[in-house]
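Here is a short report on one protein model.

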Amino acid sequence: MDQIGSDMLLDSEYDEKQDVAIISTDEAMDDADAEPDIRADDYDAMVKKYMPELPDLETDSDAHDTWYIENWRSMGKKEHGPVFQCGGHPWRILFFPTGNNVEFASFYLEHGFEEKPSDDWYACVQFMLVLWNPNDPSIFTTHTATHRFTADESDWGFTRFAELRRLFASSWDHRGRPMVERDSCNVTAYVRVLKDPTGVLWHNFVNYDSKKETGMVGLKNQGATCYLNSLLQSLYFTPRFRKAVYQIPTQHEENPRAASAYALQRLFFMLQTNNFAVATNELTAAFGWDSKQIFDQQDVQELSRILMERLEEKMKGTEAENALSKMFSGKMKTYISCINVEYESSRIEDFWDIQLNVSGCKNLDDSFRDYVQVETMDGENKYFAEGFGLQDAKKGVIFETFPEVLHLQLKRFEYDINRDAMMKVNDRYEFPEVWDASPYLSDKADRSEPYTYHLHGVLVHSGDLNAGHYYAFIKPNKEGHFYKFDDDRVTRATKKEALDENFGGEYAPNGVNGNAGQRNPYTRTWSTKRSMSAYMLVYIRESRLDHIFLTDQEVEPPQHLAKVYAQERAALERKRKEREEAHLYMEIQVATEENFRAYQGFDIASWREPEGPAFAPSQKVLKTTTLGDFISMVATKLDRDPEMMRPWVMVNRQNGTVRPDAPLLFRDMTVEEAAMKHGMKNNTFKLWFEESHQKDENGKPIWGETLVDLHGLSNNKPILLFLKHFDPESQTLLGVGHFYAAWHDKVSDLSTHILKLMDWPAGTTLKCYEEIKPTMVEIMKPKITLAACELQDGDIITVQKPLSEKTVSSMAALGNPTDVREFYDYILNRHTVWFMPKVHQEEDQGFTLTLNKKMTYDQFAAKVGEHLSVDPTHLRFHTVNSTNGRAKTVVKRTPQTTLNTILMPSYHHYGTGGNQRHDALYYEILELSLSELDLRKNIKLTWLPEGIIKEEPYEVLVTKAGNLGDVLDELQRKTNISDEVRSHLRIYEVHGHKIYKVISEEYPVASLNEFVTIFVEKIPEEELKLEETDRLINAFHFDREPNKPHNIPFVFTLKQGEIFKETKERLSRRTGIKGKQFDKIKFAVVPRASYSKPEYLSDDDILSDRFTSKDDLLGLDHPNKTKSIWSRSDSIFIR
């Protein structure tokens, strides 16, 4: 019984995803409101007064039953009333006479099944419990509630129904007699079983299965991607769109996980086939989004447009070409029509969605009437018609066609001038299930098919501007019901939930208590206005419903999707099985003589870096495998005789080295037993395999320790030693082999073994070193015994030939190690660095050098200069940002700077951090040495050789005491422009894609603002021939709103009295933008004041008359085609 011990009178916290049972408490609805003549035994009156029917919910059946309680004080802790029937279900009252752990009488309603009902049983019930005095029915108290009774939630009610002290008091609320009189009273249960049209009425959604209940699955929310989820579900349940996406050929994508079309196909495939909610991580990764985009709620309209653009690009040249434009694109005409003469100027444009005003409009038709409203141009605002002069005219927009699938964006967010902020418009705004678009078509529109539209989807925003949640109501089929798609949950919805409840506006009065307000789930404040309202509507044309829904057709995903997905599932299943069986296996790394001979490093093989012949590979084997069987496995792989091989166990010594310790002789022992015996419980079991090349007369292998002369000494013993050779000429230190020696032999006695392994002639002079640990390599004295050197099995001796003083000097001058200790120091500090050119060239992918981390700036610069064949003093290096791969900071050249401090700086230094690559540097070859560079300043600028359509970035070095004339001279040298062009250059600063100021050549370099962009252009010919009445104005580009500027601003010549049609021709020449691309631009006068609205221009306007202030700007309104990951910190993108 879930509610025992809980206080059901406390308000539940709002949960945006579930309808919580509302429990209200009424002490006879307060005595002041109680009607004096109502009695608890007047059951009909009690129901009418205290349990009216809930609006919009239909009653299946109702009943009431009264339980006469006797001997209250003698009852047990928990009692049950008699069972009665309602709605085909048994019910009874659960009663705690002394309270359910409180000083109150506790009453609950519970189902009366003798045994627990089936898991799928439930009943939605509105109920009331009334406690009353049978001797005076006017004395009563009531509580009402609603609940979804299930097999798990079998009871619901009131822990604090009535205070025991008051119940037994001599007078109940000054009525002159107690509620419980002579230890007896009545309790009546009123039960109303309600119909559940959606199947989720008052559902708590514990263990809810969307696929089982609806046949559909949802999308997981990554953080703030609910807006994306609602749009994706809307598009997925447009089957014609889904089919077009499936038709994009993606089977040959080089990098399918970075292809948005492929990722969308996979997402749709999983929505179609999965049994559980689908993650969108692959899709957002393919979009190029990181955590910033994932945790920022973006504009759905902009996302939809960009997604359509990207998909259209992918569909070109395929069977799906133009599928999206046919489905989503309509045409509208912008016109100016003269009233008194036959003249009209018009332009027909495509649209993919329509933005409609909500503020000031009551419904969808109001918005469309507002959209096509005609403006009369008369008086001072007359239109200049070519050939007719100034004329009265009508200006407006009319639709030529509407698309098959109509996307309507409702402007729920608007700028509030009084609050100086964007605000959500929560006004009531109605939209129909079936809508006629024909009143908004032009007279010449093709009306061969009716323009009747059926509502397909309602995308909803709940909350306010700063915090909210998105979900969608969609009708997946031509005929059928609406369903609510709320991230990972899909539920059936009523038409009222999909339409009426998303109109916004005021809450209707509550039928129980008359309140008309609810808590906003995000701001936690109470409001009389709904926080949820539609912000996007999707309508489908009635005559094209079968075409869009592909009636009687199955939308089949591409075969390669199913194949790849099946392979991935199989791989995941294999991994799952491997995880489950991991406890049965163990990893064993095996090193051999071949690994040792190829290894240049500490110890005898590479255990960690899985590359090259020096790496000791790992094998996964059953723990129950015997050593004999494992030796056979290794021998078979190496094509060796297993009888001639034996494994040595590798141990981790206290000094940090890993060396062979003892041979494993018992072949019937399991590998797990061997690992446990030799203390390798938590580490990978490492083995070195020794191979014998001799057999005795019985065919048994002869191992090296049996051939050692122990000189008859009792405490002498054979030890296994490894030999490495350092070659100063080739700068290599590699393994040679192994041998056995007697413990009491002198170091000089080892020469025989060493010369044999090295194949050197007798009498060769040697220098021997012991590799004790990475930071300790000591020379071995010839007359000392191996025992005195404390050598043991697995120790390593490195040998080299001594060098002449002349050779040592010449090698040291090149920075090369000359003896074993120096080379081991190099190995300890070696670091492979990838050097890449800062100015990227496709044919130059950079190069790698293995360098010593102790090298100074000049030393490693010399190595890089030697590789590039350039003067190292002319090399400058930059660290690399590990997040985006860009150059991070310039490396400073100081005497204390080493390669190690550059690549792995101390984290307490300001400006350093974990986002720097430790294995890469950018380099650039300078025209000046670094010493000369310190006296100069680097200026970044953009050269515009052809209007504003082509931009070339440059960096020029000029003396810090110079001026901008020096900058232009240096630019001339780099670009090879003529002296004539040089004499007519303009240089100007740009901030926020608007001209900040034009600066002269005398302007000092030291005064340049670091936070602006510098542009240099050739002054146009028309500016060089300005007339007296001409003046210069600043122009800029923006995308729909002036606060979204983009592209390169420019200076333009304003000619007095010129009509804008002629001005546009000059603008085309000035910008270099031509043809259709230029025709799509809308021009406007934009006052410089903040939040000012653009005043759009027509061909007959005179621009000089419209510029009323010297601070006015000319705005070019067109989409930002240069959006990228790096230039759009506050806008959405799909790569």
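## Nonpolar cores

A nonpolar core here is a set of buried Ala, Val, Leu, Ile, Met, Phe, Trp, Tyr and Cys residues joined through side-chain atoms within 4.5 Å. Buried means under 20% relative accessible area. The model is predicted.

The largest nonpolar core has 61 residues. Leu235, Phe241, Leu264, Phe268, Leu311, Leu324 and Phe328 have the most contacts inside this core. Helix H6, residues 260-273, gives the most to this core: 9 residues. What does Phe268 contact, leaving aside its neighbours within four places in sequence? The partners are Leu232, Leu235, Tyr236, Phe241, Arg242, Val245 and Tyr246. A second, separate core holds 42 residues. Val425, Leu455, Phe482 and Phe503 are among them. In soluble globular proteins, nonpolar side chains tend to be buried together.

## Overall form

The protein has 29 helices and 53 strands. Its radius of gyration is 43 Å, well over the 32 Å that the globule rule gives for 1135 residues, so the protein is more spread out than a compact globule. The C-alpha trace spans about 125 × 110 × 60 Å along its principal axes.

Take the contacts in the protein with a separation of 6 or more: 66% of them join residues 24 or more positions apart.

## Surface and charge

Of the 1135 residues, 47% count as buried. The accessible surface of the protein comes to about 57500 Å². Carbon and sulfur atoms hold 47% of that surface.

The protein carries 138 positive and 179 negative side chains. The centres of these two sets lie 3 Å apart.

Technical notes. Residues are numbered from 1 along each chain as its sequence is written. This is a predicted model: local features need pLDDT of at least 70, side-chain atom pairs count only at pLDDT 80 or more; totals for chains, interfaces and linings use all residues. Side-chain values use heavy atoms; hydrogens and water are left out. Helices (H or I, at least four residues) and strands (E, at least two) are DSSP runs, numbered from the N terminus. The radius of gyration is taken over C-alpha atoms; the globule rule is 2.2 Å times the number of residues to the power 0.38. Buried means under 20% relative accessible area, exposed over 50%, partly exposed in between (1.4 Å probe, protein chains only). Contact means heavy atoms within 4.5 Å. Accessible areas come from the Shrake-Rupley method with a 1.4 Å probe; for residues, only the protein chains shown count as cover. Lys and Arg count as positive and Asp and Glu as negative; His and the chain ends are not counted. The place of a charge is taken as NZ of Lys, CZ of Arg, CG of Asp or CD of Glu.
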